[in-house]
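Dear colleague,

I am handing over the structure we spoke about, and below it you will find my notes on what was found. Please keep in mind while reading that this is a predicted model.

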Amino acid sequence: MDILEELEQARRDETELRDLQIENEVIENRDFSKLDLIHCTFETCRFVGCSFAGAGFYYVNLHHCDFSNNDFENSYWRECNITSSRGDGARFIRSHMKQTVWKDCSLCYSNFSMAVLEQVQITDSVMKMSAMPECRLKQLQLDRVNLEEVDFFKTSLKNLDLSKCEIRGISVSDSFRELAGVKIDAMQAAELALLLGVKIV
């Protein structure tokens with residue numbers, strides 16, 4: 001049985017997949033919803049039109065992978081590492097990520113609406129134009145992340161350190177309550193002042 005057949009069989013049988021090493025695969029139009037992957041590594045793989053809705057990722061590594069525009073709605077991620085990968089336009093709506101690391105990734109136009117990010121680290125990545133409304137952020141760490149024009153509507157940024165991130169054009173509610181307690185540097189404060197309608201002279 002090849003890797004794709006093994007993935008399909010596990011989903012049909014509602015069994016988990018463990019200890020797989022998958023390299024240099026192009027996986028198209030597959031339904032992996034509610035599949036649990038444990039201690040699996042994907043290296044230089046591309047997913048096209050796939051659904052991982054409700055899937056569980058436990059101790060999974062994704063290196064040099066492309067999962068742009070795939071569906072991860074209601075997925076659960078625990079202690080995963082995603083590096084040098086692309087997930088532009090991917091849907092992480094109502095997903096829950098815990099103790100997961102994203103490094104050197106592109107997540108432009110991705111949708112994290114109503115997601116929970118708990119002890120997640122995102123470093124050296126681009127999230128321009130992504131949607132993050134109504135998220136719950138618990139000990140989220142962002143370091144050198146491009147957050148230009150990200151939508152944070154109804155997402156509290158309290159205690160979140162954005163001082164090393166690009167935040168030009170971010171969107172919040174008319175009350176600006178999302179910004180209460182956020183940590184920024186002086187130049188970013190000037191940018192947010194413009195958002196608040198303050199004129200600096």
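Seven strands make up an open sheet with parallel pairing, and their order is β2-β5-β8-β10-β12-β14-β16. At its edges lie β2 (21-23) and β16 (141-146), each of which pairs on one side only, and neighbouring strands of this sheet are turned against each other by 10° on average, direction ignored. As for the pairing of β2, this strand runs parallel to β5 (residues 41-43) over three bridges, and Q21 is found opposite T41 in β5.

Turning to the aromatic residues, the structure contains 16 aromatic pairs. In one of them, the ring centres of F42 and F47 are 5.6 Å apart with the planes at 65°, so this pair is edge-to-face, the cut-off being over 60 degrees. F42 counts as buried at 3% relative accessibility, and F47 is likewise buried, with a relative accessible area of 5%.

Another pair is that of F92 and W102, whose ring centres lie 5.9 Å apart and whose planes stand at 85°, so it is also edge-to-face. This pair links distant parts of the chain, since F92 sits in the loop between β10 (81-83) and β11 (96-98) while W102 belongs to strand β12 (residues 101-103), ten residues apart. F92 is buried, with a relative accessible area of 0%, and W102 counts as buried at 1% relative accessibility.

Finally, one aromatic cluster is formed by F32, F42, F47, F52, F57, F67, F72, W77, F92, W102 and F112.

Note on methods:
Residues are numbered from 1 along each chain as its sequence is written. This is a predicted model: local features need pLDDT of at least 70, side-chain atom pairs count only at pLDDT 80 or more; totals for chains, interfaces and linings use all residues. Side-chain values use heavy atoms; hydrogens and water are left out. Two strands pair if DSSP finds at least two bridges between them. Helices (H or I, at least four residues) and strands (E, at least two) are DSSP runs, numbered from the N terminus. Axes are lines fitted to C-alpha atoms, for helices over the stretch in contact, and angles run from 0 to 180 degrees between N-to-C directions. Rings of Phe, Tyr and Trp (its six-membered ring) pair if their centres lie within 6.5 Å; planes under 30 degrees apart count as stacked, over 60 as edge-to-face and the rest as tilted. Buried means under 20% relative accessible area, exposed over 50%, partly exposed in between (1.4 Å probe, protein chains only).
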